[in-house]
Amino acid sequence: MVPCVKVKKQDAEALRRKLIEAGAFEPGYVPAKDEKYVFFPVRKASLPLGMKLSLAQKRLLPRKQRFHSVDEALKGKLSPKELEHLTRSFDVIGDIAIVEIPDSLKKKERQVARAVMEVHRQVKTVAKKAGPMEGVFRTRKVKVIAGERRTQTVYKEHGSKMRVDVAKAYFSPRLSFERKRIAGQVKKGEKILALFAGVGPFPLAIARRQPNVEIAAIELNPDAVRLMKENVKLNNFGKTIRPIPGDVHEIVPKRFAGWADRILMPLPKGAHEFLGDAFAAAKPGCIVHFYHFGPVGSSFAEARKLVREAARKAGRKAELTGERVVRPYSPQTEQVAIDFSVQ
Ligand SMILES: C[S@@+](CC[C@H](N)C(=O)[O-])C[C@H]1O[C@@H](n2cnc3c(N)ncnc32)[C@H](O)[C@@H]1O
């Protein structure tokens with residue numbers, strides 16, 4: 001039983017504030033109510049003197065402790081040594097958290113997952129990485145270790161909703177700024193070739209910002225194409241975005257030669273192998289956004305060299321218009337973006 005102050009519903013809010021001011025409100029319990037009254041848990045010794053209060057004893061539910069970090073939530077559940085092994089950064093995509101569990105913490109993975117859900121209340125599923133990003137589709141195996149057994153979720157970004165399946169198609173929330181940056185450059189009437197389009201995050205960001213454009217979005221992974229089609233419908237961009245299933249090498253030279261005002265190449269590993277297709281599709285003045293994983297310190301030089309060589313092979317000129325580090329990938333490697341115009 002917990003000591004409480006009993007107050008009529010209409011007076012409850014004013015009294016609650018007074019109790020908090022006086023330091024008499026007991027935050028460790030959830031207040032109770034019936035049809036007429038609210039019962040606030042109190043510390044009797046701190047009750048304001050001179051106030052007429054109706055006291056009662058009530059069975060109240062203890063308030064669940066709120067943790068501010070996964071570390072905090074795991075104190076006492078993991079040893080200090082185990083806590084040292086914890087990988088602290090993880091992605092939250094919609095209501096799914098993707099965590100990394102080192103082998104040394106395998107036996108504690110459910111505790112770690114529950115701690116993630118306690119701290120991030122919007123998370124309904126915790127999945128652990130069960131392998132590296134692999135294959136041409138750039139997908140990775142994941143294993144759900146807590147919460148709802150599913151790998152699909154809805155992610156919101158730059159005003160659009162998109163369905164994502166973390167097991168079946170590549171998606172990274174870490175490229176959000178990059179999508180906004182490119183969408184901000186697009187002008188009315190442009191014809192845009194979104195290569196390696198995945199579930200459509202780049203086309204969606206552009207269409208939201210500038211719907212009066214034509215976007216051809218090419219993607220090889222059938223699951224990603226299915227989700228991209230759903231996402232185009234979900235956001236009513238059927239007139240702006242055309243999802244095209246298939247291989248860039250096959251589709252671009254046949255259907256898009258000399259077509260594009262802007263080309264997106266977000267395939268960090270191996271995008272240079274498709275630069276020939278990009279030059280074939282580029283109108284004079286076309287802007288190309290080229291992505292590359294390179295060694296820290298010389299990644300831009302490496303990316304520029306690949307672009308120069310491909311331009312020479314295609315008999316075109318490429319002029320650099322911008323470059324930026326998109327994100328560090330490992331201590332030795334970073335992802336960079338090179339923007340260039342084609343003549
Ligand atoms: C790194 S992901 C980028 C996906 C998307 N742009 C995003 O930011 O979420 C690269 C995508 O390119 C696709 N891909 C790989 N080779 C391809 C090809 N030859 N033609 C079309 N798509 C390809 C993969 O299936 C994958 O979805």
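Me: Where is Val136 found, in terms of β9 and β10?

Reply: Val136 sits in the loop between β9 (125-129) and β10 (142-147). The labels are DSSP runs counted from the N terminus (helices are H or I with at least four residues, strands are E with at least two). Heads-up: this is a predicted model, in which local features need pLDDT of at least 70 and side-chain atom pairs count only at pLDDT 80 or more, while totals for chains, interfaces and linings use all residues. Residues are numbered from 1 along each chain as its sequence is written, and side-chain values use heavy atoms, leaving out hydrogens and water.

Me: Why does Val136 count as exposed?

Reply: Its relative accessibility is 67%. Exposed means over 50%, buried means under 20%, and partly exposed is in between (1.4 Å probe, protein chains only). Val136 is therefore exposed.

Me: What makes the nonpolar surface patch?

Reply: Val136, Phe137 and Leu220 make it, with about 280 Å² of surface. Patch members need over 30% relative accessible area and no salt bridge, with nonpolar side chains (Val, Leu, Ile, Met, Phe, Trp, Tyr) joined within 5 Å and like charges within 9 Å. A salt bridge would be a Lys or Arg side-chain nitrogen within 4 Å of an Asp or Glu carboxyl oxygen. The areas are Shrake-Rupley values with a 1.4 Å probe, and for residues only the protein chains shown count as cover.

Me: Why does Val38 count as buried?

Reply: Val38, in strand β4 (residues 37-41), has 10% relative accessibility, so it counts as buried. Setting aside residues up to four places away in sequence, Val38 touches Val5, Lys6, Val7, Lys9, Ala12, Ala32 and Lys33; a touch is a contact, meaning heavy atoms within 4.5 Å.

Me: What makes helix α6 mostly covered?

Reply: In α6 (residues 201-209), 7 of its 9 residues are buried. They are Pro201, Phe202, Pro203, Leu204, Ala205, Ile206 and Ala207.

Me: How do you know that β11 and β12 run antiparallel, joined by bridges?

Reply: DSSP has to find at least two bridges between strands for them to pair. Here 6 bridges join β11 (residues 152-157) to β12 (residues 160-165), and the two run antiparallel, so they count as paired. Tyr155 stands opposite Met162 in β12. The two strands form a hairpin with 2 residues between them, and His158 in the turn has a positive phi of about 50 degrees.

Me: What makes β7 and β10 stand at the edges?

Reply: The open sheet has 4 strands in the order β7-β8-β9-β10, with mixed pairing. Since β7 (91-93) and β10 each have a single partner strand, one side of each is left without a neighbour in the sheet. Neighbouring strands are turned by 30 degrees against each other on average, direction ignored. Inside the sheet, β8 (residues 96-99) and β9 run parallel with 4 bridges, and Ala97 faces Val126 in β9. Helix α4 (residues 109-119) lies across β8, β9 and β10, at about 65 degrees to β10. Such angles run from 0 to 180 degrees between N-to-C directions, using lines fitted to C-alpha atoms (for helices, over the stretch in contact).

Me: Which order do the strands of the 7-strand open sheet have?

Reply: The order is β15-β14-β13-β16-β17-β19-β18, and the pairing is mixed. β15 (241-245) and β18 (318-328) are the edge strands, because each has a single partner. The twist averages 15 degrees from one strand to the next. α6 packs on this sheet, touching β13, β14 (214-219), β15, β16 and β17 (282-295), and its direction makes about 170 degrees with that of β14.
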